[in-house]
Structure formats: C-alpha cells, structure tokens
Amino acid sequence: MLFVLKNRTYRHLFLAQVISLLGTGLATVALGLQAFELADGNAGMVLGTALAIRMIANVVVAPIATAFTEQFPRRAMLVTLDLIRAAVALCLPFITGVWQVYTLIFLLQAASAAFTPTFQATIPDVLPDEDDYTNALSLSRLAYDLEKVGSPLLAAALLALMSYHNLYLGTVVGFLASASLVVSVLLPDPKPGEPRSIYDRTTRGIRLYLTVPRLRGLFALNLAVAAGGSMVFVNTVVLVQGALGLGERYTAMALAAFGLGSMLAALVLPRLLKKIDDRPAMLAGAAVLVAALLAGLFTASYAGLIVVWAVIGVGYSLVLTPSGRILRRSAAPEDRPALFAAQFALSHGCWLITYPLAGWFGATAGIPATYLGLAIITALGATIAALLWPGSEEDDRHVHRNLAPDHPHLAGAKAVPGGHEHAHPIRKDCYHA
C-alpha cells in the first residue's frame, strides 16, 4: 500500500491531508466540549444543529463552487481555500454564544465544500493506475481514521495541560501546513470541457450521478453510513459525560475507538477488493452498521460502548473506502470534478438528515430509541442500495458512430459497419448519452 508514496506529488498531497485532518479532528473534539459547556443538557441538540449547518454548507456550496472553479488552477485554489479555513479557525476560540458556533461552522465548511471535491478529483489524475488509486483510497481512509484516532488521543493528552479552547490552534496550524505542502508540488489541472451554461455546470455532476445504477446504489449507502456515523459523532459526548458521568478524556477515547475500527477495515480492504467486488464489500459494511446499532440497545457500560463504536467504525470504512473507485469508473476525467462534487453534496445531504435526527431524537425520545431509529434508517439504505445496484455489472458493449477513428476514447475498439465497437463499465459523459 505504501509504495504509492514514492510518487512525490501524491506524497505531498497525502501529508497535507493528514496534517489538516489532525487539526480538524482537534476542532471536532473542542466543538463537542464547547457545545456541552454552552448548552449543558442540550449539548446533543446544539451539536446536532451545528453539524447539520455544516451539511447545509456542503450540499449548497460544493456543486456551485465546482461550476465556477473547475477552470482555475487547482494548486492556487486549494492553497487559497486552506488559508481561508485557517483564518476562520483562528476565530473559534473566542466563541461565547451558540449563534457564533453556527456562523463560524458555516463559513469554515463552505470553504471545505469547495476544497474537498477538488482535492479528491485530483488524485485519479496524479495516480492513473487503478491499483495505485485503490491503495491511495485506503491511505486516504486511514488519514480520515487518523483524525478519529490520533486527534482524540492528542486532544486527551493536551486537555490534561490546557483548556479545550487552545485545541483550535491546532486546526489553524494544520490548514497552514496543508497549504505549504500543496504549494510545494505541481498539480495536473483538469482538461477543459466543452462550454456550458452556469446551470449546466452546476447541475451536471448530480445529473450524471443519478443516471448510473451503481451510483444510485452508492447514494443509498451514503444514507446508511450517515445514520451509523451520526450516532457516534453527535451522541458520544452525551453518552460518556452525560449518561455515564465520565470526563472529557473518556469522550476522546471513545471517538478514538471508532477510528481504530475504521482504520482496521481500511488496512485489509486493498487485498479484500482484489478478491471480491466493491458491491458485496460495501453492502457487508452496511450490515455491520445495522448490527452494531442494534447491539447498542443492550450496552450500558463504557467498555461496551467502546466495542460498539469500534464495530461501527469497521462498517463505516467498509462502505466509504471503495466509493472513490465507483466514482472513478463512472465518468470521463474531465467530468470527475463535477462527479466528486456531486458525491460530496449528496452524501452530505444524507448527513443533513441524520445529524439533527441523532441530536434531536436523542434529546427528546432517549438514547435507546435513537439507536433503534438509526438502525432502521441504516437497514433501509442498505436495502435500497441492493435493489438499485445490479448484482453483476457486465461491461456495456456499444458502438460509437460519431467519433473519429483516432479518437483516444476508441483505443482498442473494433471497426464495425458504421462505427467502432468496444466495451467498458457503464458511464455517462459527453460520449455516452
């Protein structure tokens, strides 16, 4: 897996991702503690609302930002967005009211909603080989897991020495370090596509996304992942510090257990995906999420919570890690930024539903009912995915009648009367209506 780090450009991008995510993880821990301090018994509701605002920014901003920035140099755009995020994060320690939490979270996430899809769409261009890209996806999943493991453990150590307000400074450092690493390499810019209207560019990714069967299945799996993850991200502080009466460091360690489970799954996935297809691996991950949420109904101790959170982490990673492979094979290179932005927006639309449900339902109906409700949503998402995504995906054999014989897309195609015939996985782009 690590051999892909020999590519200097990818190595710098990966390190930028790791460092910025560590900083973001510190902010996530600090935000949960700040919500508990500002809202006391309503911490779950405040945190759920704050996270829902993050999702609104993601859903609204990502497609629009991609439409306006896809013609700009990627490196300059990524660096500018990192600097904007650092400036907003610098304001977070001075929050004194709940409305300020909501405002700054929206601004921070709006910049991230433009940054993340662009970053993700760059990696397939840096690593065009499928095996290299698969290993890069697992490393990326490990980077996200490092946020969930390393950041809470680092936060737990730092909280013994300082106030949680100072954790936000780690976020600022992370974004600045990320910007410096991106500056240090040359990035491939997207190939210019045919001229389109603002409306067409804004909606193109979502329209492409919703026409491909495997991507409609991925959309349903996004809902399953969001339901399972929301239980962890919203209610950990409520369960640990509210129900169990434990301290802040126990909250951080519970979040780390979730990250460890996710990391374990990401480590085994590259070998697993050489033996089985993406679909059964991802559906198995959704089943693991359902089982773990139902097990939470019978968990009353901190040790039991740690186990349940770790198992949720395993299912979470099994679903999410292969998703980049699905997107990569579903569109031409020039359409990847739009498609990654669509995945970013639609997946966060699912979180927009489940975050407030996890917070508000937990505050009004109780934790057991929240476990059960989120388990039902997860099972529903997995079932819809299994129905929408065909069990066996054969390559789509078709004839191109309007492309020149030397067109790059026709490499290896067979000449037939009236055109050229070839086969590849179903995709929707300017060559395939």
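## Exercises on a predicted model

Asn 222 has a relative accessible area of 2%, so this residue is buried. Keep in mind that the model is predicted. That residue opens the first set of steps.

**Exercise A. Work out which helix holds Asn 222 and which residues Asn 222 touches beyond four places away in sequence.**

- Start with the helix: Asn 222 belongs to H8.
- Next, list the neighbours. Leaving out residues up to four places away in sequence, Asn 222 touches Tyr 209, Gln 343, Ser 347 and Cys 350.
- Now pick out the polar part: the side chains of Asn 222 and Tyr 209 make a polar contact at 3.5 Å.

**Exercise B. Check the span of helix H8 against its residue count, then find where H8 kinks.**

- H8 runs over residues 213–243, which gives 31 residues.
- At 1.5 Å a residue, taken times one less than the number of residues, the helix should span 45 Å.
- The end C-alpha atoms of H8 sit 43 Å apart, so the model agrees with that expectation.
- There's still a kink in H8: about 60 degrees, centred on Asn 235.
- What about surroundings? Because 25 of its 31 residues are buried, H8 is largely enclosed by the rest of the structure.
- After H8 comes Gly 245, with a positive phi near 70 degrees.

**Exercise C. Classify the ring pair of Trp 351 and Tyr 355 as stacked, tilted or edge-to-face.**

- Grab the two numbers you need, because a pair of aromatic rings is described by the distance of the centres and the angle of the planes.
- The count of aromatic pairs comes to ten. One of them is Trp 351 with Tyr 355, at 5.1 Å centre to centre and 40 degrees between the planes.
- Under 30 degrees would be stacked and over 60 edge-to-face, so the 40 degrees of this pair makes it tilted.
- Both residues are in helix H13 (residues 336–364), four residues apart, or about one turn of the helix.
- Buried means under 20% relative accessible area. Trp 351 is at 9%, so it counts as buried, and Tyr 355 is buried too, at 6%.

- Compare sequence and space for Tyr 316 and Gly 261: they are 55 residues apart in sequence, with their C-alpha atoms 8.7 Å apart.

**Exercise E. Decide whether Asp 278 is buried or exposed, and find its polar partner.**

- Locate Asp 278 first: helix H10 (residues 278–296).
- The relative accessible area of Asp 278 is 3%, so it's buried.
- Beyond residues up to four places away in sequence, Asp 278 touches Leu 273, Pro 322, Arg 325, Ile 326, Arg 329 and Trp 389.
- From that list, Arg 325 is the one to flag: its side chain and that of Asp 278 are joined by a polar contact of 3.0 Å.

**Exercise F. Find the ring that Arg 85 lies over, then step back to the overall numbers.**

- Arg 85 lies over the face of Phe 115, 4.2 Å from the ring centre.
- Zooming out, the protein has 14 helices and three strands, and 56% of its 433 residues count as buried.
- Take the contacts with a separation of 6 or more: residues 24 or more positions apart account for 83% of them.

Notes
Residues are numbered from 1 along each chain as its sequence is written. This is a predicted model: local features need pLDDT of at least 70, side-chain atom pairs count only at pLDDT 80 or more; totals for chains, interfaces and linings use all residues. Side-chain values use heavy atoms; hydrogens and water are left out. Rings of Phe, Tyr and Trp (its six-membered ring) pair if their centres lie within 6.5 Å; planes under 30 degrees apart count as stacked, over 60 as edge-to-face and the rest as tilted. Helices (H or I, at least four residues) and strands (E, at least two) are DSSP runs, numbered from the N terminus. Buried means under 20% relative accessible area, exposed over 50%, partly exposed in between (1.4 Å probe, protein chains only). A charge sits over a ring if NZ of Lys or CZ of Arg is within 6 Å of the ring centre and within 35 degrees of the ring normal. The bend at a residue is the angle between axes fitted to the seven residues ending there and the seven starting there. A polar contact is a pair of N or O atoms within 3.5 Å; within protein, one must be able to donate a hydrogen and the other to accept it, and residues adjacent in sequence count only if both atoms are side-chain atoms. Contact means heavy atoms within 4.5 Å.
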